[in-house]
Amino acid sequence: MKVKVDSSLCRGHGQCVIAAPEVFRFDENQKLVWVEAPDARLRRAVEEAADVCPEQAITIVGD
Amino acid sequence: MTRLRQLPAIALNESNEMSTRAVIAEADVPYLDVSDPSFSVRSAAVTDARERHWYARTPYGIAVLRYDEVRRLLVDQRLRQGSYAWPALNDATGAFAHWWSRMLLSREGADHARLRRLGNPAFSPRLVTSLKPHFSALANELIDAFAAAGRCEFIADFSEPYASRVICILLGLPHGNWKKFASIAADMGLALGVTFKRDLVRIDAATLSLFDYARELIAQRRALPLGEDFLSLLIKANRESEEVLSEQELLDMVVLAIFGGIDTTRNQLGLAMDLFVRHPAQWALLGTRPQLGRAAVEEVMRVRPTVTWVTREAVEDFDFEGLRIRRGTTLQMFSQAACSDPRAFPDAGFDIAAERKPHFGFGGGAHHCMGHFIARGDMTEALAILAGRLRAPAFDGEPEFMPDSGNTGAIRMPIRFTAGG
């Protein structure tokens with residue numbers, strides 16, 4: 001599974017950081033960073049993050 | 001540069017209004033008396049202030065007035081949600097104040113994140129998609145009742161029953177309960193108004209009866225096999241997950257969903273109708289192109305949000321755009337002023353077909369409105385159907401509004417129209 005974040009849509013709400021903290025986090029400059037190819041066991045958390053993003057900026061590619 | 005450097009630091013830890021005023025006395029920065037009952041977020045005073053500076057001083061801290069500054073501060077982690085302090089600042093105690101202090105909006109950090117994670121499945125966009133046919137059936141049923149007459153009182157005949165019955169749909173309840181919900185939500189909503197001290201007995205009675213109702217509802221739902229509906233998903237979070245939603249948190253969340261869902265949606269739909277009555281070409285456009293329903297919701301919330309400002313509080317000292325913001329400072333994000341800021345919207349007139357930057361009607365950051373998919377979904381259906389069936393609406397008497405600050409909306413809005421569709 002690959003995780004993509006559309007930076008033109010992302011507003012930095014951080015709902016993904018709340019939903020899937022193992023995959024998404026803010027760096028010291030409050031910039032969003034994420035694991036691009038997370039472990040398959042995190043699938044559900046990543047799906048939740050994509051679901052909950054207010055701007056719907058996250059897409060998951062492949063399994 | 002020099003001018004900005006001279007600005008005094010702001011320290012607003014004290015809830016005492018007098019000391020607050022004294023500390024931030026500063027001639028260069030505009031002052032807005034948001035505590036004045038006649039204050040309006042849409043007044044020329046606010047527009048003038050926004051042209052003079054990115055912020056204004058107020059009796060309760062600072063008001064942030066421009067789009068870019070609001071956008072950045074809303075997601076800034078050096079700020080926390082500010083309305084948690086409401087009971088303390090107003091010496092409010094009782095059922096509403098206690099619930100307010102416990103519920104999602106007042107929590108921060110790991111505790112807040114746990115509650116959001118547990119609540120997320122119940123508020124997912126997928127659940128909303130499955131409910132859309134019910135929303136449109138409801139909108140049509142309500143319109144059927146008054147279409148032939150060619151007139152209605154839009155709040156009592158549409159926005160209030162619609163907002164309340166959407167909650168019945170969400171919770172899987174018989175619709176016969178909607179009036180009870182509506183009156184509870186309205187009474188609890190008084191807590192957020194300027195006259196709340198006078199209304200406290202009513203506010204607390206409403207809060208207690210909503211808790212009784214939520215308790216009963218959860219017990220009834222637990223007696224049946226759980227499914228993928230809103231209540232089931234919350235109940236599962238209460239018993240199944242690795243993290244646990246406590247019994248009290250489950251109740252608080254159901255109460256928040258009912259209160260937060262009805263009051264805001266009813267108000268926002270009334271404001272939408274007000275805006276469209278004043279912009280008949282936009283309404284006609286929506287009537288012929290119902291697929292613009294979602295864009296119409298976004299544009300209405302940009303131009304006329306029911307939540308006219310969102311409160312934040314600094315959790316540390318920091319510098320922002322030349323201003324030293326001290327820990328404890330209250331910042332009011334003026335969503336209304338920011339979303340008509342000509343720096344971000346050079347052509348800011350109401351236009352549902354225009355490409356727009358996101359508005360702040362649902363707040364932002366960690367505390368972004370949890371029910372926004374539901375609100376967007378139900379208002380999209382409502383506006384698209386209304387525009388098709390109520391042609392050329394006009395006021396049929398003066399509409400009455402709540403004060404144009406804090407959470408606003410219409411109380412009464414008689415309209416007449418030509419029935420169509």
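Reader: Hi! Which residue is the bridge partner of B:R57 in β2(B)?
Author: That is B:I62. Strands here are DSSP runs of E with at least two residues, and helices are runs of H or I with at least four, numbered from the N terminus. This is a predicted model, where local features need pLDDT of at least 70 and side-chain atom pairs count only at pLDDT 80 or more, while totals for chains, interfaces and linings use all residues. Residues are numbered from 1 along each chain as its sequence is written, and side-chain values use heavy atoms, with hydrogens and water left out.

Reader: In what sense do β1(B) and β2(B) pair?
Author: Antiparallel, over four bridges; pairing takes at least two DSSP bridges. The two strands form a hairpin with two residues between them.

Reader: Switching topic: how many residues does each chain give to the contact?
Author: Chain B gives 24 and chain A gives 16, with contact meaning heavy atoms within 4.5 Å.

Reader: And which element has the largest share of chain B's side?
Author: α7(B), with four residues.

Reader: How many salt bridges are there between the chains?
Author: One, counting a side-chain nitrogen of Lys or Arg within 4 Å of a carboxyl oxygen of Asp or Glu. A:D51 and B:R126 form this salt bridge, and their closest N and O atoms are 2.4 Å apart.

Reader: Nice! What area is buried between chain B and chain A?
Author: About 1,600 Å², with 49% from carbon and sulfur atoms. That is accessible area (1.4 Å probe) lost on putting the two parts together, summed over both. In chain B, the residues losing the most area to chain A are B:Q77, B:R117 and B:N120, together 29% of what that side buries.

Conventions. Chains lettered and ligands numbered in written order.
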